[in-house]
Amino acid sequence: MPSIDPGSERSTRARVARLILEHGPVAAAALGERLGLTSAAVRRHLDALLADGMIEPRTVRPRGQRGRGRPAKLFAITDAGRSAFEHAYDDLAGSALRFLAERMGREAVSDFAREQVSSLSRRLEPVMRTVPADQRVQVLAQALSAEGYAASASKAKSGGDQLCQHHCPVAHAAAEFPQLCEAETEAFAQLLGTPVQRLATIAHGDGVCTTHVSPQSLGESAHRDKSKETGR
């Protein structure tokens, strides 16, 4: 029997956990397909994550199925699993912001939050100018994922798009200083060129940070109205 590299095992297990965080609840078969793992390998990692309390099983009966067949077993991240992805600098960020607020006032925290988000805006603005309007939310989600936010984009049933951030590296700091979320929301609206609305945040105890992005036509209309006002 070939030996198993412990380092490789930990790396693959972390990838399994991250996929569950980003796409869960998800079935074992789907995890295997995404990662190119055998059923036995996926089961080994899932069993280890279950034992550590990182994930939990959920049973879902497929639509249209009434009492026939075995319900599907899906796996979802637990609060402990989500916490394991939090970066150590969250506590440091909270301490630094408290120090800033005490010495210079809470407005200084707002200025700091805008400056932090502006670095992402500066990198993305040139890209957004070349991306079709209907692809901007997806591009933003990819950029946020690269920053550690495990973001995804989808079409909203009410119209427009929905941007979800399944992880927040500074959730604890943002709970104490909502200026961080406010600055981020302002930056999203600026980058996407259309109004956005925060519907939920991890900092306030929700499972996912959810932002509704208005249809691009609404953003274009608002831009025309503003141009008319400034042209008076």
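Where does Ala133 sit in the chain? Ala133 belongs to the loop between α6 and α7, and that loop is a handy way into this predicted model.

## The chain at a glance

Let's start with the overall make-up. The protein chain comes with 10 helices and 7 strands. Of its 232 residues, 41% count as buried. If you take the contacts with a separation of 6 or more, 52% of them are between residues 24 or more positions apart.

Back to Ala133 for a moment. Ala133 is partly exposed, at a relative accessible area of 26%. Ala133 and Thr194 are 61 residues apart in sequence, yet their C-alpha atoms are 9.8 Å apart in space.

## Helix α6 meets α9

Helix α6 covers residues 106-130 and helix α9 covers residues 179-192; their axes come within 8 Å and cross at roughly 25 degrees. That makes the two helices roughly parallel, since angles under 35 degrees count that way. As for handedness, the α6 and α9 crossing is right-handed.

Who does the touching? On the α6 side, the contact involves Arg106, Val109, Ser110, Ala113, Arg114, Val117, Ser121, Leu124, Glu125 and Met128. On the α9 side, look for Gln179, Leu180, Ala183, Glu184, Glu186, Ala187, Gln190, Leu191 and Leu192. Sorted by type, the residues in this α6 and α9 contact come out as 10 nonpolar, 4 polar and 5 charged.

## Helix α6 meets α7

Helix α6 also pairs up with α7, and here the axes come within 11 Å and cross at roughly 145 degrees. This crossing of α6 and α7 is right-handed.

From α6, the residues in contact are Leu120, Leu124, Val127 and Met128. From α7, they are Arg136, Val139, Leu140, Ala143 and Leu144. The tally for the α6 and α7 contact is 8 nonpolar, no polar and 1 charged. Leu124 and Met128 of α6 turn up in the contact with α7, and Leu124 and Met128 are also listed in the contact with α9.

How many salt bridges does a search of the whole structure find? The search turns up 10 salt bridges.

Shared partners, meanwhile, let salt bridges join Glu107, Asp111, Arg114 and Glu186 into one network.

## Two buried loop residues

Ala150 is found in the loop between α7 and β4. Is Ala150 buried or exposed? Ala150 has 0% relative accessibility, so Ala150 counts as buried. Its backbone deserves a look too: phi of Ala150 is near 45 degrees, a positive value in a residue other than glycine. For context, most residues other than glycine have a negative phi.

Thr201 lies in another loop, the one between β6 (196-200) and β7 (209-213). Thr201 is buried, at a relative accessible area of 7%. Which residues does Thr201 contact, leaving aside its neighbours within four places in sequence? They are Cys181, Asp206, Val208 and Cys209.

Terms used: Residues are numbered from 1 along each chain as its sequence is written. This is a predicted model: local features need pLDDT of at least 70, side-chain atom pairs count only at pLDDT 80 or more; totals for chains, interfaces and linings use all residues. Side-chain values use heavy atoms; hydrogens and water are left out. Axes are lines fitted to C-alpha atoms, for helices over the stretch in contact, and angles run from 0 to 180 degrees between N-to-C directions. Helices (H or I, at least four residues) and strands (E, at least two) are DSSP runs, numbered from the N terminus. Angles under 35 degrees count as roughly parallel, over 145 as roughly antiparallel, 65 to 115 as roughly perpendicular and the rest as oblique. A crossing is left-handed if the near helix is turned anticlockwise from the far one by less than a right angle, and right-handed if clockwise. Contact means heavy atoms within 4.5 Å. Ala, Val, Leu, Ile, Met, Phe, Trp, Tyr, Cys and Pro count as nonpolar, Asp, Glu, Lys and Arg as charged, and the others, Gly among them, as polar. A salt bridge is a side-chain nitrogen of Lys or Arg within 4 Å of a carboxyl oxygen of Asp or Glu. Buried means under 20% relative accessible area, exposed over 50%, partly exposed in between (1.4 Å probe, protein chains only).
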